[in-house]
Amino acid sequence: MRADRVFAYGAAAGLIGDLLLGDPRRGHPVAAFGRAAGAVERVLWRDHRGWGALHTALCVGGAVGLGAVAEHVVRPSRTASVALTAAATWAVVGGTSLVREARVIGRALEAGDVEAARDRLPHLCGRDPQALDADGIARAVVESVAENTSDAVVGALVWGAVAGVPGLLGFRAVNTLDAMVGHRSVTYRRFGWASARLDDLAGWPGARLTAVLAALAGDSPRGAVRAWREDAPKHPSPNAGPVEASFAGALGVRLGGTLSYAGRVEHRPVLHQQGRAVATYDIERAVRLSRRVGLLALGAGVAARAFVKGRTA
């Protein structure tokens with residue numbers, strides 16, 4: 001079976017698996033990778049960029065190498081190749097968990113239970129929930145849905161289309177390492193530098209594709225493109241900026257502004273200034289847009305891989 005068809009069937013099956021099963025409560029492969037990466041960190045940690053780069057290379061290289069070996073072993077079997085791609089896709093995408101957490105918070109807000117929404121927010125993002133009222137929580141959820149649509153779904157599919165199973169596992173390894181050590185704390189400012197920069201590079205194509213697809217699938221394509229063009233460059237993140245700006249324009253809302261992480265207040269630019277304030281019902285709108293973007297990303301990846309295969313055949 002051609003490689004493009006293996007990816008098409010396997011990735012589609014993996015997304016269906018994520019839709020039906022979501023993430024397991026125990027024994028998730030990403031959690032296993034996190035434990036292994038943590039063990040390597042305990043051996044290698046130094047307050048030095050070079051040691052952090054070695055940590056990144058070993059962890060990401062190990063994930064990519066495992067994927068390459070597995071792909072080589074099953075290559076003679078069409079069924080096994082599709083099954084491996086499906087399993088890898090299911091393991092690395094997190095669309096259903098993202099949707100589930102967003103909806104739990106949305107239901108709490110709809111019921112007027114702001115405290116329950118605050119208690120649940122850390123499952124979705126790192127904001128300080130006690131600093132947020134109901135509207136602030138809703139805005140944080142919409143921003144997290146936008147950013148994680150790129151990180152947890154589209155980015156993985158892009159690298160799966162480019163490099164098969166090694167691409168899927170490698171992207172999730174990079175993204176996981178960034179979450180573990182890529183933040184600018186005293187402990188990880190130097191050690192996590194390589195992971196953070198690699199995550200920026202690996203996330204670049206998926207973020208742009210997410211922004212394009214959000215514009216195509218949203219209620220206001222023109223508003224999404226305008227917000228992306230005018231406001232995304234002001235955002236401190238090269239990848240979150242285009243995604244959040246495009247979602248803001250597509251949904252007709254304002255995102256960004258003042259936020260708080262671990263007691264540290266940040267004043268970020270407002271994205272889509274002419275939009276209205278985020279309301280609780282926008283959480284469901286953002287979730288539906290995220291789902292549409294994920295399906296379109298699968299189609300784009302399959303089409304791109306088939307085109308490349310046709311050109312090289």
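Me: Where does His-272 lie?

Reply: First, the terms: helices (H or I, at least four residues) and strands (E, at least two) are DSSP runs, numbered from the N terminus. His-272 lies in the loop between strand 2 (264–271) and helix 11 (282–312). This is a predicted model: local features need pLDDT of at least 70, side-chain atom pairs count only at pLDDT 80 or more, and totals for chains, interfaces and linings use all residues. Residues are numbered from 1 along each chain as its sequence is written, and side-chain values use heavy atoms, with hydrogens and water left out.

Me: Is His-272 buried or exposed?

Reply: Buried means under 20% relative accessible area, exposed over 50%, partly exposed in between (1.4 Å probe, protein chains only). His-272 has a relative accessible area of 7%, so it is buried.

Me: Which residues is His-272 in contact with?

Reply: Contact means heavy atoms within 4.5 Å. Leave aside neighbours within four places in sequence. The contacts of His-272 then include Gly-223, Asp-231 and Arg-254.

Me: What about Val-174: buried or exposed?

Reply: Val-174 is placed in helix 7. Its relative accessibility is 6%, so Val-174 counts as buried. Leaving aside neighbours within four places in sequence, Val-174 is in contact with Val-60, Leu-198, Asp-199 and Ala-202. Now take Cys-59. Val-174 and Cys-59 are 115 residues apart in sequence, yet 8.4 Å apart in space, C-alpha to C-alpha.

Me: How do I read two packed helices?

Reply: Two packed helices are described by the angle between their axes and the distance between the axes. Axes are lines fitted to C-alpha atoms, for helices over the stretch in contact, and angles run from 0 to 180 degrees between N-to-C directions. Helix 5 (residues 95–110) and helix 7 (residues 134–181) pack at about 175°, with axes 10 Å apart.

Me: What does that angle make helix 5 and helix 7 to each other?

Reply: Angles under 35 degrees count as roughly parallel, over 145 as roughly antiparallel, 65 to 115 as roughly perpendicular and the rest as oblique. Helix 5 and helix 7 are therefore roughly antiparallel. Among the residues that meet are Leu-98 and Ile-105 in helix 5, and Val-141 and Ala-152 in helix 7.

Me: How many helices and strands does the protein chain have?

Reply: The protein chain has 11 helices and 2 strands. From the N terminus on, the order is α-α-α-α-α-α-α-α-α-α-β-β-α. Of its 313 residues, 50% count as buried.
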